[in-house]
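Welcome! Have a look at the model below, and then we can go through some questions about it together.

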Amino acid sequence: MKTFFSSITLGIIVGSALLSLTQAVQAHECTVSDAAGRYGYTSSGTIVTPPVGPFTAVGHATLSETGTFSGAQTTSIAGNLFEETIQGTFTVNPDCTGSATVYVYHGTTLARTSPIKLVWDIHQNEFRAILLTPGTNVSLEARKMADISAVSATLK
């Protein structure tokens, strides 16, 4: 009988702990300031209309706490390489979804504007996105880059 009550008591304690942990995880809301930082990313897909072909890019971007970003990427469109710079604005919703408008430049010439939808995960250290430009099937994956000065200070 004593073992039975001990098991019930242990079950209540573990259940309460799991419930409070679940509530703590659900309570996290994403913010623009948490999303801010330097990211490395890759994007890939296809430009289907008109039938141009494969699209791939690798680059970096810095997201600010004010909802703006800038960066650079190397892009391959149907095997043709381009060095591009990017800038734009982004939003973050409490449920860790968001959106952005990306302005892509070849030198000082605006080459294209791409609206995208985003979702953050891994404590806002990573995000995934899809370009909403009609005629494209392109997705993007990004991860926060290590702060080199913080890594250097830790190693000293």
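Here are a few questions and answers about this predicted model.

Q: What is the mean pLDDT of the protein chain?
A: This is a predicted model, so each residue comes with a confidence from 0 to 100. Of the chain's residues, 77% reach 70 or more. For the protein chain, the mean pLDDT is 86.

Q: Is Gln 73 buried or exposed?
A: Let's start with its place: Gln 73 lies in strand E3, residues 68–77. Its relative accessible area is 8%. Buried means under 20%, so Gln 73 is buried.

Q: Which side chain is joined to that of Gln 73 by a polar contact of 2.8 Å?
A: Gln 73 touches several residues beyond four places away in sequence, among them Tyr 41, Phe 82 and Glu 84. Its side chain also makes a polar contact of 3.2 Å with the side chain of Thr 75. The polar contact of 2.8 Å is with the side chain of Glu 84.

Q: Where is Pro 50 found?
A: The peptide bond leading from Thr 49 to Pro 50 is cis, with omega near -5 degrees. Pro 50 itself is in the loop between strand E1 (37–47) and strand E2 (53–63).

Q: What is the relative accessibility of Gln 124?
A: Gln 124 is in the loop between E6 and E7, and its phi is positive, near 60 degrees. In the loop between these strands we also find His 123, which counts as exposed at 71%. Gln 124 counts as buried, because its relative accessibility is 1%.

Technical notes. Residues are numbered from 1 along each chain as its sequence is written. This is a predicted model: local features need pLDDT of at least 70, side-chain atom pairs count only at pLDDT 80 or more; totals for chains, interfaces and linings use all residues. Side-chain values use heavy atoms; hydrogens and water are left out. Helices (H or I, at least four residues) and strands (E, at least two) are DSSP runs, numbered from the N terminus. Buried means under 20% relative accessible area, exposed over 50%, partly exposed in between (1.4 Å probe, protein chains only). A polar contact is a pair of N or O atoms within 3.5 Å; within protein, one must be able to donate a hydrogen and the other to accept it, and residues adjacent in sequence count only if both atoms are side-chain atoms. Contact means heavy atoms within 4.5 Å.
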